[in-house]
Amino acid sequence: MGTGSNGELKYEISQNAYIKLVLHSLRHKTAAVNGVLIGRISPKDDGVVEISDSVPLFHSNLALLPPLEISLIMIEEHYVAQGLSIVGYFHANERFDDVELCGVAKNIGDHISRYFPQAPILLLNNKKLEALSKGKERSPVMQLCVKDASKNWRVVGADGGSKLLLKEPSANVVLSDYITSEKWKDVTDVDDHLDDVTKDWLNPGLFN
């Protein structure tokens with residue numbers, strides 16, 4: 001890939017990948033939750049990381065490494081046949097007004113970036129999410145964080161603006177509809193699956 005640093009990369013997230021992560025955070029409103037981003041570097045060599053899917057991970061004990069490592073292996077094994085891999089990390093803080101990257105998020109982001117150096121962290125911004133219901137929010141309700149030259153995580157711009165793109169411009173409209181219809185009740189994460197293996201973390205029926 002020709003780009004010198006993460007700062008020049010763009011991240012394009014598909015509607016389903018985006019909505020799944022936000023619904024997961026709404027299902028567990030009073031807890032911190034996380035997930036991983038699935039995708040690949042665009043074959044067009046245009047400096048875009050294409051995020052085509054996502055997997056909701058945990059809503060309890062986010063910092064425990066053994067379940068995390070087992071989950072990442074299980075997820076990688078599933079997607080490898082499609083030419084996809086884990087390309088980033090999503091985190092929603094426990095407190096509504098908390099827009100700082102916590103230690104747990106940074107540690108898991110570090111772990112993922114060992115395998116995919118361009119990996120971003122997407123951090124849920126609850127204020128933007130709240131503005132959705134008023135129909136005012138067109139940009140992603142997540143903040144983009146990448147590693148700078150000295151390997152520290154930093155937020156890109158005030159809103160990540162042109163670096164984090166919604167693949168489908170209508171994603172927030174669809175998300176808003178799903179929130180109204182309480183679609184978040186249907187989201188299954190890896191935590192649920194580890195408790196009950198009949199629960200499918202791939203959420204095959206979520207968008208039917």
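Guide: A residue is called buried when its relative accessible area is under 20%, exposed when it is over 50%, and partly exposed in between, as calculated with a 1.4 Å probe on the protein chains only. This is a predicted model, in which local features need pLDDT of at least 70 and side-chain atom pairs count only at pLDDT 80 or more, while totals for chains, interfaces and linings use all residues. Residues are numbered from 1 along each chain as its sequence is written, and side-chain values use heavy atoms, with hydrogens and water left out.

The place to begin is Asn61, which is exposed because its relative accessible area is 57%. Asn61 sits in the loop between strand E3 (48-56) and H2, where helices (H or I, at least four residues) and strands (E, at least two) are DSSP runs numbered from the N terminus. Although Asn61 is not a glycine, it has a positive phi of about 50°. A positive phi is also found at Lys151, again not a glycine, with a value of about 70°; Lys151 belongs to the loop between E6 and E7 and counts as exposed because its relative accessibility is 59%.

Pro67 is partly exposed, because its relative accessible area is 23%. Leaving aside neighbours within four places in sequence, Pro67 is in contact (heavy atoms within 4.5 Å) with Phe58 and Leu194. Leu194 is 127 residues away from Pro67 along the chain, yet their C-alpha atoms are separated by 8.7 Å.

Another residue to look at here is Trp201, placed in the segment after helix H6 (190-195). Trp201 is buried, because its relative accessible area is 7%. Not counting residues up to four places away in sequence, Trp201 touches a set of residues that includes Val55, Pro56, Met74, Ile75, His78, Tyr79 and His193. Pro56 lies 145 residues from Trp201 along the chain, and the C-alpha atoms of the two are separated by 7.2 Å.

Helix H2 (65-79) is also one of the elements against which the buried residues of H3 pack, together with strands E2 (33-41), E4 (85-92), E5 (121-124), E6 (142-147) and E7 (153-155). The buried residues of H3 are Ala105, Ile108, Gly109, His111, Ile112 and Ser113. The expected span of a helix is 1.5 Å times one less than its number of residues, so the 13 residues of H3 (103-115) should span 18 Å, and the 19 Å between its end C-alpha atoms agrees with this.

The end C-alpha atoms of residues 11-146 lie 11 Å apart, and the span is 35% helix and 28% strand.
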